[in-house]
Amino acid sequence: MIDRKVKRSIMIRALAVMLVILAAGLVSTGAIAYWTDSINTTSTVETLDIGIEYEDDQLSLSKASAFLPGEISEFSFKVMNVGSISADIKPVITVISDVPMSVGGSEYKLCDEDGNDVGDEYEAAYFNGEEEVEAQQGTEYDKVIYTRKTYNTLYGSVHKDETLDKDNESGSLINEKQFTCHLMLSEASDNSFMNVTAEVSVDTYAIQHRYSEGAINEMAPGQA
């Protein structure tokens with residue numbers, strides 16, 4: 001008889017990410033120029049910056065220990081743009097287990113509030129060590145990376161235009177975005193998965209919004 005009171009624990013960490021993507025050639029820098037009040041004319045040029053921050057530096061799950069199979073824990077995080085450049089952001093959520101999980105079996109997985117698959121909202125990539133593996137029933141893996149399929153546009157302190165910086169998803173001008181996610185211990189988890197610890201982390205990719213159309217889709221989530 002399977003003991004349903006299977007205890008689980010999760011260590012939570014949040015990565016506060018500030019990405020200024022200049023070296024990769026994906027971001028065009030802007031310029032601020034002014035004339036000085038003197039007989040000689042000079043100008044000063046400064047690069048603009050992307051400044052992505054989280055509201056909190058820790059993730060908080062509604063249930064972070066004593067998980068039972070089929071139980072769901074909610075967590076949320078808010079991303080803010082404190083820089084001058086309007087930026088497109090895309091969250092990436094990584095779940096790493098200290099023992100192998102299996103697709104469709106014993107595993108921690110991202111879901112909606114009712115426990116349903118989030119495939120329409122997030123793309124999942126499974127890894128065993130550093131090697132990506134097929135998402136087939138029974139495949140073993142120790143890390144899964146969920147990348148949000150859509151992005152949000154957060155306006156910057158200098159780049160702030162009612163037309164150019166509208167967020168596609170909300171249709172309005174926004175400077176911060178709240179994300180709510182759910183983590184479930186699969187109902188198929190058995191006693192061999194008892195006392196397994198998982199780590200959940202959130203990375204947020206950011207790229208300059210204007211003049212870089214489509215570039216956010218070139219980011220490699222598997223390297224988060």
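Predicted model: local features only at pLDDT ≥ 70, side-chain atom pairs only at ≥ 80, totals over all residues.

Trainee: How many helices and strands does the chain have?

Mentor: There are zero helices and 11 strands. Read along the sequence, the pattern is β-β-β-β-β-β-β-β-β-β-β.

Trainee: And what share of the residues is buried?

Mentor: Of the 224 residues, 44% count as buried. Look at the contacts too: among those between residues at least 6 apart in sequence, 76% join residues at least 24 apart.

Trainee: Now strand pairing. Which strands does E6 pair with?

Mentor: Check the direction and count the bridges. E6 (residues 122-128) and E8 (residues 140-148) pair in the antiparallel sense over six bridges, with Glu-123 standing opposite Thr-147 in E8. E6 also runs antiparallel to E7 (residues 131-133), joined by three bridges, and there Asn-128 stands opposite Glu-131.

Trainee: What should I look at in the hairpin of E6 and E7?

Mentor: The turn. Two residues sit between the strands, and Gly-129 takes a positive phi near 70°.

Trainee: On to the inside. Which residues touch the most other members of the largest nonpolar core?

Mentor: That core has 37 residues, and Phe-75, Phe-77, Val-79, Ile-93, Val-95, Tyr-108 and Leu-110 touch the most other members. The elements giving two or more residues to this core are E2, E3, E4, E5, E6, E8, E10 and E11. E4 supplies the largest share, five residues. A second, separate core of five residues includes Val-92, Phe-127, Ile-145 and Tyr-205.

Trainee: What does Leu-110 touch?

Mentor: Leaving out residues up to four places away in sequence, Leu-110 touches Phe-75, Ile-93, Val-118, Tyr-122, Tyr-146, Cys-181, His-182 and Leu-183.

Trainee: Where is Ser-86 found, and is Ser-86 buried or exposed?

Mentor: Ser-86 is in the loop between E3 and E4, and it is buried, with a relative accessible area of 0%. Follow its side chain: it reaches the backbone nitrogen of Gly-156 at 3.2 Å and the backbone oxygen of His-159 at 2.7 Å. Among the other residues that Ser-86 touches are Leu-154, Asp-165, Ile-207 and Arg-210.

Trainee: Next, charges. How many salt bridges are there?

Mentor: First the general idea: side chains of opposite charge can pair when their charged atoms come close. Here the count comes to six salt bridges. In one of them, Glu-176 pairs with Lys-78, the closest N and O atoms being 3.4 Å apart. Glu-176 lies in E10 and Lys-78 in E3, so this pair ties together parts that are 98 residues apart in sequence. Glu-176 is partly exposed at 38% relative accessible area, whereas Lys-78 is buried at 18%.

Trainee: Which residues are linked in a network of salt bridges?

Mentor: Glu-121, Arg-148, Glu-169 and Lys-177. Arg-148 is buried, with a relative accessible area of 5%. The closest N and O atoms are 3.7 Å apart between Glu-121 and Arg-148, and 2.9 Å apart between Arg-148 and Glu-169. Arg-148 lies in E8 and Glu-169 in the loop between E9 and E10, so that pair ties together parts 21 residues apart in sequence.

Definitions and conventions
Residues numbered from 1 in each chain as written. Heavy atoms only, no water. Pairing = 2+ DSSP bridges. Helix = DSSP H or I, 4+ residues; strand = E, 2+ residues; numbered from the N terminus. Core = buried A, V, L, I, M, F, W, Y, C linked by side-chain atoms within 4.5 Å. Buried < 20%, exposed > 50% of the residue type's maximum accessible area, 1.4 Å probe, protein only. Contact = heavy atoms within 4.5 Å. Polar contact = N/O pair within 3.5 Å; in protein donor to acceptor, adjacent residues only side chain to side chain. Salt bridge = Lys/Arg side-chain N within 4 Å of Asp/Glu carboxyl O.
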